[in-house]
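Here is a short briefing on one protein chain. Have the model open as you read, and find each residue as it comes up.

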Amino acid sequence: MIPEDLRYTSEHEWVAGDGSGPVRVGITHFAQDALGDIVFVQLPDEGTAVQVGDALGEIESTKSVSEIYAPVSGTVVARNATLADEPELINAEPYAAGWLVEIAPDDPESVQGLLDAAAYRSLTES
């Protein structure tokens, strides 16, 4: 459940794209599994500037509320509006329909600095 073509953060976000354009961001299967049934998602508005490591939203589950952290610095260019009515998509399809936001990175190279699938796998197995 760790796609090879994505990049990851130690806070369990995934990033799709190489940074040459907007990157899609979501939470990993590992994260959604730990959270349990997701019932609410708070996402930033389009046009919001985010800094790497800063909270950019929250995910509420039946167990807890967790912050979502920006994996790269940049500007939010899209948000998954479907999650307002169907937050459970994050549980069902964390790497597809359950994506959270798209960010246009300030530094395209920053994506390459994130964890690859092997490094993320090692993190989650320890």
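G47 touches T75 and V76, leaving aside residues up to four places away in sequence. This is a predicted model.

**Around G47**

- G47 sits in the loop that runs between β4 (38-42) and β5 (49-50).
- G47 is exposed, because its relative accessible area is 55% and the cut-off for exposed is over 50%.
- A104 is 57 residues from G47 in sequence. In space, the two are 9.8 Å apart, C-alpha to C-alpha.

**The sheet**

- Six strands form an open sheet. Their order is β1-β2-β3-β9-β8-β5, and the pairing is antiparallel.
- β1 and β5 are the edge strands, and each of them pairs on one side only.
- Two bridges join β1 and β2, in the antiparallel sense.
- R7 stands opposite V15, a residue of β2.

**The nonpolar cores**

- Nonpolar side chains tend to be buried together in soluble globular proteins.
- How many residues does the largest nonpolar core have? It has 24.
- I27, I59, I90, L100, V101 and I103 have the most contacts inside this core.
- The elements giving two or more residues to this core are β3 (23-27), α1, β4, β6 (55-61), α2 and β9.
- β3 gives the most to this core, with three residues.
- I27 touches I59, I90 and L100, among others. Its contacts also include H12, E13, W14 and Q32, not counting residues up to four places away in sequence.
- Another core, of eight residues, lies apart from the largest one. Y8, W14, A78 and W99 are among its residues.

**Aromatic rings**

- The structure holds two aromatic pairs.
- Y8 and Y120 form a stacked pair, with 4.7 Å centre to centre and 15 degrees between the planes. The pair counts as stacked because its angle is 15 degrees and the cut-off is under 30 degrees.
- This pair links distant parts of the chain. Y8 belongs to strand β1 and Y120 to helix α3, 112 residues apart.
- Are Y8 and Y120 buried or exposed? Both Y8 and Y120 are buried.
- W14 and Y95 form a tilted pair, with 6.0 Å centre to centre and 45 degrees between the planes.
- W14 is buried, because its relative accessible area is 2% and buried means under 20%.
- R24 lies over the face of W99, at 3.9 Å from the ring centre.

**Helix α3**

- Helix α3 covers residues 117-125. Its residues A117, Y120 and T124 are buried.
- Why do these three sit on the same side of α3? They cover an arc of only 65 degrees around the axis, so they share one side of α3.
- The buried residues of α3 pack against β1 (7-8) and α1 (29-35).
- Y120 is one of these buried residues, and Y120 is also the partner of Y8 in the stacked pair.

Key: Residues numbered from 1 in each chain as written. Predicted model: local features only at pLDDT ≥ 70, side-chain atom pairs only at ≥ 80, totals over all residues. Heavy atoms only, no water. Buried < 20%, exposed > 50% of the residue type's maximum accessible area, 1.4 Å probe, protein only. Helix = DSSP H or I, 4+ residues; strand = E, 2+ residues; numbered from the N terminus. Arc of directions from axis to C-beta. Contact = heavy atoms within 4.5 Å. Phe/Tyr/Trp six-rings, centres within 6.5 Å; stacked < 30°, edge-to-face > 60°. Lys NZ or Arg CZ within 6 Å of the ring centre and 35° of its normal. Pairing = 2+ DSSP bridges. Core = buried A, V, L, I, M, F, W, Y, C linked by side-chain atoms within 4.5 Å.
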